[in-house]
Amino acid sequence: MFGTESSLSMFLNTLTPKFYVALTGTSSLISGLILIFEWWYFRKYGTSFIEQVSVSHLRPLLGECKVWRNPLNLFRGAEYNRYTWVTGREPLTYYDMNLSAQDHQTFFTCDSDHLRPADAIMQKAWRERNPQARVSAAHEALELEDCATAYILLAEEEATTIMEAEKLFKQALKAGEGCYRRSQQLQHHGAQYEAQHRRDTNVVVYIKRRLAMCSRKLGRTREAVKMMRDLMKEFPLLSMFNIHENLLESLLELQNYADVQAVLAKYDGKTCQKSPVLKPDPVIVSWYISLPKSATICYTAALLKARAVSDKFSPEAASRRGLSTAEMNAVEAIHRAVEFNPHVPKYLLEMKSLILPPEHILKRGDSEAIAYAFFHLQHWKRVEGALNLLHCTWEGTFRMIPYPLEKGHLFYPYPICTETADRELLPMFHEVSVYPKKELPFFILFTAGLCSFTAMLALLTHQFPELMGVFAKAFLSTLFAPLNFIMEKVESILPSSLWHQLTRI
């Protein structure tokens, strides 16, 4: 121990200032390269590479699951509360609503809110747990001035119909755009104005997205599509709202499949599934596996591939002649979607009842499956034969995934923590779906059990020979007792001569 300390001390004393300069310079160079790469990756894909890797690989290994805001969440007053009035059940959990409260504070507040009285009131309102207290605070803020976030709260929670919510959101947009223009002119004058501009940008984007969703719900789908496209062009870097998923759903309603394919081509990345014939570049495969997707992206891609063949698909004919190229592409797309989220098919095939989707979802979890199927089941029903093709092929996915289940085929391994996280997001009256298990054949289980039992008997016989002999005699006597009883009965019935002949045989 002493020798190690003396050697370390001698080594540190021999270091010159040049070593520290070189060490600092090398560290700065590496940090700079990482910063440049992160900036390039963010500009190209709209997300951080390090964060993406941590979400895709580290979190599942550590048992942590990232929860995302549901892009198609409903309106509390006009939809969630209406469900409560009719059924008496609460569709949202406290954990889910608490996450929404945190989102609202992040999107709609900033450190300079105390400078504007209405914003100061709303900053407290977003933290209120009591819905009635939040609504009262929003009305109080509107008495002072036209406050965009106050209109947002009323549209979300007080409005009992979508038409009322749309009217309030239009008032919010008028107030929000005024604040946005003012803060845009001052955004470079200091950190305080930067924070205000960022908050005002979030407010405007949120309002426009919700107005587009109101149009979609009121049947003005083409208008909703235009609003979503304009919003994505105006704010291309605000990917946290996942507006493209709203756009996909609206385009499917219009049956505009060419535009759906164009949106998928932009947001689904490169399709480089493993093939027995072609060997893709390992670098591309690695990028493809780690790319965060969603059930909407994967299942919409599968629906488009299925649409090309589903109307004429027959499992009997396919088993006789084999799958065509188009059918193989459709089946592979379904397998890809099912591997990403295995809970969706049971909802699409109506093997499990749907409930209202939560305000937050867990990607690849039951909550995401509910949110997707709730809005997209009608689109699958509209494509003739699509659900039949899904029914015939989706279970084959689990035969393709290598064993053990922790290994993935196209995506990173399925997270083991999804059931726990979904239980917190979904109401207690809903039975949470779990990952389908790959069952071992009965013969393997029987053989394993028989070998284990035999080995245990051999070990006990070796250690306790006399005791095991007693047990063996008792077991055999018990086993043969019914046989002895039958033999005695037969002997008493049959003549003695015939019995002797039988015993000699």
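**The patch and a pocket**

Author: Phe453 sits in helix H23 (a DSSP run of H or I, at least four residues, numbered from the N terminus). Keep in mind that this is a predicted model, where local features need pLDDT of at least 70, side-chain atom pairs need 80 or more, and totals for linings use all residues. Numbering starts from 1 along each chain, and side-chain values use heavy atoms, without hydrogens or water.

Phe453 counts as partly exposed because its relative accessibility is 46% (between 20% and 50%, 1.4 Å probe, protein chains only). H23 gives the most, with four.

Now for the pocket. The second largest pocket holds about 560 Å³ (an open set on a 1 Å grid, with protein on both sides within 12 Å along at least five of seven lines; lining atoms lie within 4 Å of a point). Its lining counts 25 residues, and Arg76, Met97, Pro131, Arg134 and Glu157 lie nearest the centre. Helices H4 (76-87), H5 (94-108), H7 (131-144) and H8 (148-158) each supply at least two lining residues, and H5 has the largest share, six. By class, that lining has ten nonpolar, seven polar and eight charged residues (Asp, Glu, Lys and Arg are charged; Pro, Cys and Ala count with the nonpolar ones, Gly with the polar).

Note on methods. On a 1 Å grid over the protein atoms alone, a cavity is a set of points where a 1.4 Å probe fits but cannot get out, and a pocket is an open set with protein on both sides within 12 Å along at least five of seven lines; lining residues have an atom within 4 Å of a point. Grid points are joined across faces, edges and corners, and a volume is the space filled by probe spheres set on the points.
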